[in-house]
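Hi there,

Here is the structure I said I would pass on. Have it open while you read, and I'll take you through what turned up.

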Amino acid sequence: MSLKYAVLAALLEGEASGYELSKTFDVSLANFWPATPQQLYRELERLAQDGLVQARTVEQERRPNKRMFTLTEAGRTELDAFAAEPPKRPTAIRDELLIKIQAMDGGDPEITRALIEERRGWARGKLDRYRRVREGLLAGRTEDEFLHTSDRVGPYLTLMAGIAFEEENLRWCERALAILGQRRHTTSPRTRRDLPASER
């Protein structure tokens, strides 16, 4: 999938500048389709050239003028067609940390622990942020009230997926750290690196 569909979907929330769109990505789409501000600006310009979004310039007195983007009918039609198609491939994990974990045996276990603890910190931070976004969406309503009264539930459903992903990340980190802690107390302090070459 190209970035353009994520941008078109984000503009369903209404008119936005490139800066505002980058903030939307940061809090609501980054859990499943991250993008840098530079990528977003380039994509917005391409979409405007293709007639899928419309741009207008807003003059500001004490700040540089900004461009505001809205979804066009052509953009909405293309987005609807995209949403009706099945995904081209199932979700696949590409995670550098897991490659490092795969290669950890024989290395320094404390380095591995530090990497997992760092991932745990990231997961906690993202989970806290997603939960704040959820509270903002609910605006004092229960989940059932929101789901029965809101015009759009897509952002909430994708947010649920992001929350579940980070909760699972946390569970894995805690389990991995517990296993490494147990091994630290039950295995020989001599690592594979310490052994003579003939015994490796």
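Start with how α1 and α4 cross: α1 goes past α4 in a left-handed crossing. Bear in mind that this is a predicted model. Helix α1 covers residues 3–10 and helix α4 covers residues 73–84. Their axes come within 10 Å, and the crossing angle is roughly 115 degrees.

Which residues do the touching? On the α1 side they are Lys4, Tyr5, Leu8 and Ala9, and on the α4 side they are Gly75, Glu78, Leu79 and Phe82. Sorted by class, that contact is made of 5 nonpolar, 1 polar and 2 charged residues.

While you are looking at α1, check how covered it is: 7 of its 8 residues are buried. Those are Leu3, Lys4, Tyr5, Ala6, Val7, Leu8 and Ala10.

Now zoom out for a moment. The chain has 8 helices and 3 strands, and going along the sequence they come in the order α-β-α-α-β-β-α-α-α-α-α. There are 200 residues, and buried ones make up 26% of them. If you take contacts between residues at least 6 apart in sequence, 61% of them join residues at least 24 apart.

Next, find α6, which runs over residues 109–138. How far does α6 reach from its first C-alpha to its last? It has 30 residues and spans 43 Å, close to the 44 Å expected at 1.5 Å a residue. At its start, Asp108 has a side-chain oxygen that gets to within 2.9 Å of the backbone nitrogen of Glu110.

The buried residues of α6 are Thr112, Arg113, Ile116, Arg119, Arg120, Ala123, Leu127, Tyr130 and Leu138. Look at the numbers in that list with one rule in mind: an α-helix has 3.6 residues a turn, so residues three or four places apart point the same way.

Let's pick one of them. Is Thr112 buried or exposed? Its relative accessible area is 7%, and the cut-off for buried is under 20%, so Thr112 counts as buried. It sits in α6, and if you ignore neighbours within four places in sequence, it is in contact with Ile101, Met104 and Leu180.

Finally, follow the chain out of α6. Ala139 has a relative accessible area of 57%, so it is exposed, as the cut-off for that is over 50%.

Arg141 is in the loop between α6 and α7 as well. Its relative accessibility is 31%, so Arg141 counts as partly exposed. A polar atom of the Arg141 side chain lies 3.0 Å from the backbone oxygen of Leu137. Leaving out residues up to four places away in sequence, Arg141 touches Phe146 and Thr149.

That's the tour. Have a go at finding each of these yourself, and send me any questions.

Cheers

Definitions and conventions. Residues numbered from 1 in each chain as written. Predicted model: local features only at pLDDT ≥ 70, side-chain atom pairs only at ≥ 80, totals over all residues. Heavy atoms only, no water. Axes fitted to C-alpha atoms, helices over the stretch in contact; angles between N-to-C directions. Helix = DSSP H or I, 4+ residues; strand = E, 2+ residues; numbered from the N terminus. Left-handed = near helix turned anticlockwise from the far one by under 90°. Contact = heavy atoms within 4.5 Å. Nonpolar A, V, L, I, M, F, W, Y, C, P; charged D, E, K, R; others polar. Expected span 1.5 Å × (residues − 1). Buried < 20%, exposed > 50% of the residue type's maximum accessible area, 1.4 Å probe, protein only. Polar contact = N/O pair within 3.5 Å; in protein donor to acceptor, adjacent residues only side chain to side chain.
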